[in-house]
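This report covers a helix pair, some aromatic contacts and a few backbone features. The sequence and model come first.

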Amino acid sequence: MYDWLIVGAGFAGSVLAERIANERRQSVLVVDRRPHIAGNAYDRYDDAGVLMHQYGPHIFHTNSDAIVDYLSRFTEWRPYEHRVLARIDDKLVPIPINRTTLNALYDLDLKTDEEADAFLQSRAEPVEEIRTSEDVVVSKVGRELYEKFFRGYTRKQWGLDPSELDKSVTARVPTRTNTDDRYFTDTHQIMPKHGYTRMFERMLAHPNIKIMLDADFRDVRETTAFRRLIYTGPIDEYFEFRFGKLPYRSLRFEHKSLAQETFQPVATVNYPMTEAYTRITEYKHLTGQTSPNTTITYEYPSATGDPYYPVPRPENQELYRRYQALAIAEENVHFVGRLATYRYYNMDQVVGQALAEFRRIQENVPAWTAPPNGKRVESEAGAGAGAVEIDRRVLS
């Protein structure tokens, strides 16, 4: 008997498992259909001895002191400021677009923010109403830079032209007139010193938490008694696609180990204009690892595969709202995380959402909740034993 069944061992599920086990002293079973914890943030040492990210680069950045303080209970940090280059016209230039980018592309000598701003304004095209991703970029930097940096990349990433996507997609990437070449400008730009998986292991190392991997929620709920459910998977799948599938973009990763110290000058190089892949990532830049070998990943967007990115179009949001109405009416079930709320959240945002959900649980859910299978059973807080307890039977 478990007080809580949590579906998904990523950020949302693991944060809530840790809080419930530590603060409420209740028993938790965490299930995940993958053979590992940490969700998409899962990292591992490959055969070349390089710490790499299985599902593409994950760079932690946030402006929230509270979120950093919380995660610092489970990891030490190393400072890391992410820099990205884009291959444009056979040149590697900084992205987001900044003054250095403009000088390199157009053989200019812009020396001040004002000069760079005047240059961009001379190329910007007025847009009466900003509705789409194309509108956002063209109104700021003009059509030529839009074509070079955004249109091809967006078509590959989303399988749609920017004119078909909500303005939020390209609004995530700023345009700068200074020479700041950092991809993010958040107060905290850090990486877990020993990797994300180690951080998750420490987060889940509580005797009240048991973990079952390679396990499907639909099977587990038929054979396991629990009082309350936290679901972090795809919301449409939970309701058996009653209104149809919510559209997602997926990714395919091609990992390659090389017998050389480095491959490229920065962690990530984007390919907006050429190639079938969108970017190449080299992980040693992220981790600070010293090794005679290096590992890189080619990233290919796909229409099929694991769901990664909700497709931001009005009709998709309308479909999600129909599922959201079902979720609100579902008793004793909490829907948390990117897939369960059909939002493209950064890692810190998922942690913040999970902590906020825990506060709501503390305020609204008594020490024991709805009885399983119609029977009232007293809580057995403190059930389970050991550190990170994983059901290894499903891994054999």
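## Basis

Helices (H or I, at least four residues) and strands (E, at least two) are DSSP runs, numbered from the N terminus. The model is predicted, so local features need pLDDT of at least 70 and side-chain atom pairs count only at pLDDT 80 or more, while totals for chains, interfaces and linings use all residues. Residues are numbered from 1 along each chain as its sequence is written, and side-chain values use heavy atoms, with hydrogens and water left out.

## Backbone features

Asp89 sits in the loop between β7 (84-88) and β8. Its phi is near 50 degrees, a positive value in a residue other than glycine. With a relative accessible area of 40%, Asp89 is partly exposed (buried means under 20%, exposed over 50%, partly exposed in between; 1.4 Å probe, protein chains only).

Tyr342, in the loop between α13 (338-341) and α14 (347-364), also has a positive phi near 50 degrees. Tyr342 counts as buried, at 1% relative accessibility. A cis peptide bond, with omega about 5 degrees, joins Ile95 and Pro96; Pro96 belongs to the loop between β8 (91-95) and α3 (99-106).

## Helices α5 and α6

Helix α5 (residues 133-141) packs against helix α6 (residues 143-158) at an angle of about 130 degrees, and their axes are 7 Å apart. Axes are lines fitted to C-alpha atoms, for helices over the stretch in contact, and angles run from 0 to 180 degrees between N-to-C directions. The two helices are therefore oblique to each other (under 35 degrees is roughly parallel, over 145 roughly antiparallel, 65 to 115 roughly perpendicular, the rest oblique).

α5 contributes Glu134, Val137, Val138 and Val141 to the contact, and α6 contributes Arg143, Leu145, Tyr146 and Phe150 (contact means heavy atoms within 4.5 Å).

## Aromatic pairs

The structure holds 25 aromatic pairs. Rings of Phe, Tyr and Trp (its six-membered ring) pair if their centres lie within 6.5 Å; planes under 30 degrees apart count as stacked, over 60 as edge-to-face and the rest as tilted. Phe11 and Tyr196 form an edge-to-face pair, 6.5 Å centre to centre with 85 degrees between the planes. Phe11 is in helix α1 (residues 11-24) and Tyr196 in helix α8 (residues 196-203), 185 residues apart. Phe11 is buried at 9% relative accessibility, and Tyr196 is buried at 1%.

Phe239 and Tyr323 are stacked, at 6.4 Å and 25 degrees. Both are buried. They belong to one aromatic cluster, whose members include Phe217, Tyr231 and Phe335.
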